[in-house]
Amino acid sequence: MNHELHLGPQFGAFLAEGALAAEFRLREIEPYLHTYERITLDFTGVRNANSSFINALIVPLVEIHGNESLRKLRFQGCNPIVRILVESALTLGVQKAHEHGHHVSA
Amino acid sequence: MVTLRLPAVVYDDGLADFLTRLAWVATQPGAESIAVDFQDAQFYMPGALTALLATLQRWVRDRRSVQLVNVLNAPAFSYLQRMDFFKLSGLDLPEAFMRHDARGRFVPLHRVDGSLARRVDELSQQIAACVFPAQAELDDPERTGPYDIVAYAVSELINNIIQHARGPGYVAVQRYPKKPFVCIGIADCGIGIRQSFADGRPEFWDPAMTDLDAVRTALLPRASSKAHLGSAWGSRTNEGVGLSMLKEITAGADGVFTLGSGAGFFQANTLQTRPWPNEVQLLAPYQGTLCSLLLSKEKLGNHQALLLQAKQRLGLLQKGSPFDNLFT
């Protein structure tokens, strides 16, 4: 089962606030991570984002849930800017998981 | 009463001295009453304007009596009025001119405080659209680099004030029509970076840390007073990469990045290819935090490349893409 989340309609064309991303992650992603086989974050309609938003959305998922998050998360509709920010957040999440002694690999 | 006679101009290389003046005057005997003399004021870059306005706000909050003198005959009077400087200072003077559309040139000063929470995207895009209006309606990242970078930078700086400052601030942006630059300035009259670390007690906190140490630390990736803390939602909202990213983006855009807080002052001038940043301990501590970015317009065309370089230089992105399979 795939849980699809559409960020554009929810937040608009510019994702700018980490606090909103953290709220969204805790409300819409964390409770379903163990339930669904796939969680797709759809960035269609998102033109720009900042590091605060994307990091608050993604880093803790990888840091806390490790390989399960990398196995289940998929990113759709990313323009080149959003993709760089998402890849960077994944990298940071893996770094932090390693610092906690967890083996995580893409 | 003490008098602060404002300098004629404040550019990047005068910001350290300007912050020191703002801080020093309030330490003088009789400073419960301060006169700010505008008679020489000609040109202030956005960072200096926001720092001055934030300082006036702080003095009023500290119950000092503040008088603005020689305002009407100041060389910069019209400019300051168009920037809404006096209006935000509480001095709503009659205007002897027609306000023209500021789009494409400058953004009047905006107050930044907690009331902007959940609206940071809106104000950041509004500011970006003011300086790069033609790009606001496009949806092609290859053609909208300057607009997107201004929105990115302004949003990160506003987030910092909302999350850390515990005091209001001001933001201003100016695009210089005859010069190849766009300049973003934001300053608050809050607790400063060192105190934010002291309150949050992140793992790198050391009570021996000076203001300058705190400023240097804030520019390292993953340095946040709150990265280790839970939020009201039980999880972090901050990974502490905002300022370090802005410093690297500014370097990539051949610009000048300035961060001042308390007595700590840091400036990296890539525009004049100075090999080392200017790091100084100010003689009097500025009561708040200032961040200023001067960016070369011609270098802002490729937001994607600037982000990529900045992330890679900070070790926040690996070369190659180990996560290719996660993108559909």
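Which residue just after α10(B) takes a positive phi? Select B:Asp254: its phi is about 50°. Elements here are DSSP runs numbered from the N terminus, with helices being H or I of at least four residues and strands E of at least two.

Before moving on, note that this is a predicted model, in which local features need pLDDT of at least 70, side-chain atom pairs count only at pLDDT 80 or more, and totals for chains, interfaces and linings use all residues. Residues are numbered from 1 along each chain as its sequence is written, chains are lettered from A and ligands numbered from 1 in the order in which they are written, and side-chain values use heavy atoms, with hydrogens and water left out.

**Helix α10 of chain B**

Select residues 242-252 of chain B. Of the 11 residues in this helix, 10 are buried, where buried means under 20% relative accessible area, exposed over 50% and partly exposed in between (1.4 Å probe, protein chains only). Among the buried ones are B:Leu243, B:Met245, B:Leu246 and B:Ile249, and also B:Lys247 and B:Glu248.

**The interface**

Select the residues in contact between the chains (heavy atoms within 4.5 Å): 47 come from chain A and 47 from chain B. The area buried between them is about 4,100 Å², with 55% given by carbon and sulfur atoms; buried area is the accessible area (1.4 Å probe) that two parts lose on being put together, summed over both. On the chain A side, A:Phe14, A:Arg47 and A:Ile84 lose the most area, together 17% of what that side buries.

Next, look for charged pairs across the interface. The rule finds 4 salt bridges there, each a side-chain nitrogen of Lys or Arg within 4 Å of a carboxyl oxygen of Asp or Glu. One to select is A:Arg47 with B:Asp148, whose closest N and O atoms are 3.1 Å apart. This pair runs from the loop between β3 (38-42) and β4 of chain A to helix α7 of chain B, and both residues are buried. Another stop is A:Glu23 with B:Arg118, at 2.9 Å from N to O.

**Rings**

Select A:Phe11 and A:Phe53. Rings of Phe, Tyr and Trp (its six-membered ring) pair if their centres lie within 6.5 Å, and planes under 30 degrees apart count as stacked, over 60 as edge-to-face and the rest as tilted. There are 13 aromatic pairs over all chains; this one is edge-to-face, 5.2 Å centre to centre with 75° between the planes. It joins helix α1 (residues 7-11) to helix α3 of chain A, 42 residues apart. A:Phe11 is buried at 16% relative accessibility, and A:Phe53 is buried at 1%.

In chain B, select B:Phe38, B:Phe77, B:Phe85 and B:Phe86, which form one aromatic cluster.

**Last stop: a pair within chain B**

Select B:Asp199 and B:Arg166, a salt bridge of 2.1 Å, N to O. B:Asp199 sits in helix α8 (residues 192-200) and B:Arg166 in the loop between α7 and β7 (169-175), 33 residues apart. Are they buried or exposed? B:Asp199 is partly exposed at 39%, whereas B:Arg166 is exposed at 57%.
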